[in-house]
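Please look at the protein shown here.

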Amino acid sequence: MRWQGGGWRRDRCLPGVSEGGGSPVQREARGTAGSGRWIRNVPTRSPDLISVCSSVPGLSGPMAPYRIRQYEDGDYEAVCTMFGHGVMEHTPAAFIYMLKCPQTQLHFLGLFLVVLAASGSLLVSLLALLLALTGAWFCIWSLWTDYIQQSLHNNLLDIRRTYLEAADSCLWVAGAEGAVVGAVGAVLPEFPSERGHALELKRMSVEREHRGRGITRALCRTVIRFAQERRYSAVVLSTSMVHYSAQQLYESMGFRRVSQRSPSLLTSFLQFSVFYYRYEIPGSR
């Protein structure tokens, strides 16, 4: 993968991956996302139209028109580009959070005072502080870009194998106005202790201009319904501590924050954490 023209591009076709294809995931008439064909999802007030996961207790509600279907190979670049854009848009929030940390402020203040004492020049001290801030921005930017590259070379490298051919896994895309505007996946959890009990919601992305239309909620309901049909008792997920809108959304849908961790020494130094959430499926075993 490489960044070109405002999006992530695949350099060449993956071995064994062809355009289209894949067995459609069968869904109930009033269930979640459909199979390979587009299915319209609109407010449940319309008796002749289908809503997303209306049978999941506590998750019903009106939604704006959009469509959800199973991922197809032709969606690859759209999904990867949307994922990259969604991750990078949190760079400013992460940088601001870092600047607000008392530990970070003390380091910058110490640098300023040391340079001022050594040089006796206020201008040199300010330039040193500016260079430090620039370096901090680059560190934050690198964290996000490294995460994107790692994802594109792991479970997003071959989406069909990771999400469509693996057991109890799937990936769906949301369409509006003839374009792919959202995506979400379900996979076996990363932590072995959750295996057999929960599925993990992964790679939730919705284009910025299509947010606020109920698409993110519907994609989330799709994963919950998928887990429910396979008799799992919970859905788990992780999100960064600066993804405030996602935290509010998940908590409003009944997800409960169960833990938080720093994924590396650098993020621990910056007091940056990843939040882990869990949704208990009502009526599950």
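## Charges over rings

Arg257 lies over the face of Phe275, 3.8 Å from the ring centre. Arg261 lies over the face of Tyr276, at 4.5 Å from the ring centre. A charge sits over a ring if NZ of Lys or CZ of Arg is within 6 Å of the ring centre and within 35 degrees of the ring normal.

## Basis of the model

This is a predicted model: local features need pLDDT of at least 70, side-chain atom pairs count only at pLDDT 80 or more, and totals for chains, interfaces and linings use all residues. Residues are numbered from 1 along each chain as its sequence is written, and side-chain values use heavy atoms, with hydrogens and water left out.

## Overall make-up

The protein has eight helices and 10 strands. Both are DSSP runs, numbered from the N terminus: helices are H or I with at least four residues, strands are E with at least two.

Of the 285 residues, 47% count as buried. Buried means under 20% relative accessible area, exposed means over 50%, and partly exposed lies in between (1.4 Å probe, protein chains only). Among contacts in the protein with a separation of 6 or more, 66% join residues 24 or more positions apart. Contact here means heavy atoms within 4.5 Å.

## Aromatic pairs

A search of the whole structure finds nine aromatic pairs. In one of them, the rings of Tyr250 and Tyr277 have centres 6.3 Å apart and planes at 50°, so the pair is tilted. Tyr250 lies in helix H7 (residues 244–252) and Tyr277 in strand E10 (residues 274–280), so the pair ties together parts that are 27 residues apart in sequence. Rings of Phe, Tyr and Trp (its six-membered ring) pair if their centres lie within 6.5 Å; planes under 30 degrees apart count as stacked, over 60 as edge-to-face and the rest as tilted.

Are Tyr250 and Tyr277 buried or exposed? Both are buried. One aromatic cluster is formed by Tyr250, Phe255, Tyr277 and Tyr279.

## Helices H3 and H4

Two packed helices are described by the angle between their axes and the distance between the axes. For helix H3 (residues 102–119) and helix H4 (residues 122–152), the angle is about 145° and the axes are 8 Å apart. Axes are lines fitted to C-alpha atoms, for helices over the stretch in contact, and angles run from 0 to 180 degrees between N-to-C directions. H3 passes H4 in a right-handed crossing. A crossing is right-handed if the near helix is turned clockwise from the far one by less than a right angle, and left-handed if anticlockwise.

Which residues meet? From H3 come Phe108, Leu111, Phe112, Val115, Leu116 and Ser119. Their partners in H4 are Leu122, Val124, Ser125, Leu126, Ala128, Leu129, Ala132, Leu133 and Ala136. By class, this contact of H3 with H4 has 13 nonpolar, two polar and no charged residues. Ala, Val, Leu, Ile, Met, Phe, Trp, Tyr, Cys and Pro count as nonpolar, Asp, Glu, Lys and Arg as charged, and the others, Gly among them, as polar.

## Buried and partly exposed sites

Ala227 is in helix H6. Its relative accessibility is 0%, so Ala227 counts as buried. Not counting residues up to four places away in sequence, Ala227 touches Leu199, Tyr232, Ala234, Val235 and Ile281. Ala227 and Ser169 are 58 residues apart in sequence but 9.3 Å apart in space, C-alpha to C-alpha.

Glu194 lies in the loop between strand E6 (179–187) and strand E7 (198–206). Glu194 is buried, with a relative accessible area of 19%. Pro189, Val236 and Arg278 touch Glu194, with residues up to four places away in sequence not counted. Leu266, in helix H8 (residues 265–269), is partly exposed at 37% relative accessible area.

## Positive phi in loops

Most residues other than glycine have a negative phi. Glu177 has a positive phi of about 55° although it is not a glycine. Glu177 is in the loop between strand E5 (170–176) and E6. At 73% relative accessibility, Glu177 counts as exposed.

Arg231 has a positive phi near 65° and is likewise a residue other than glycine. Arg231 sits in the loop between helix H6 (215–229) and strand E8 (234–240). Arg231 counts as exposed, at 63% relative accessibility.
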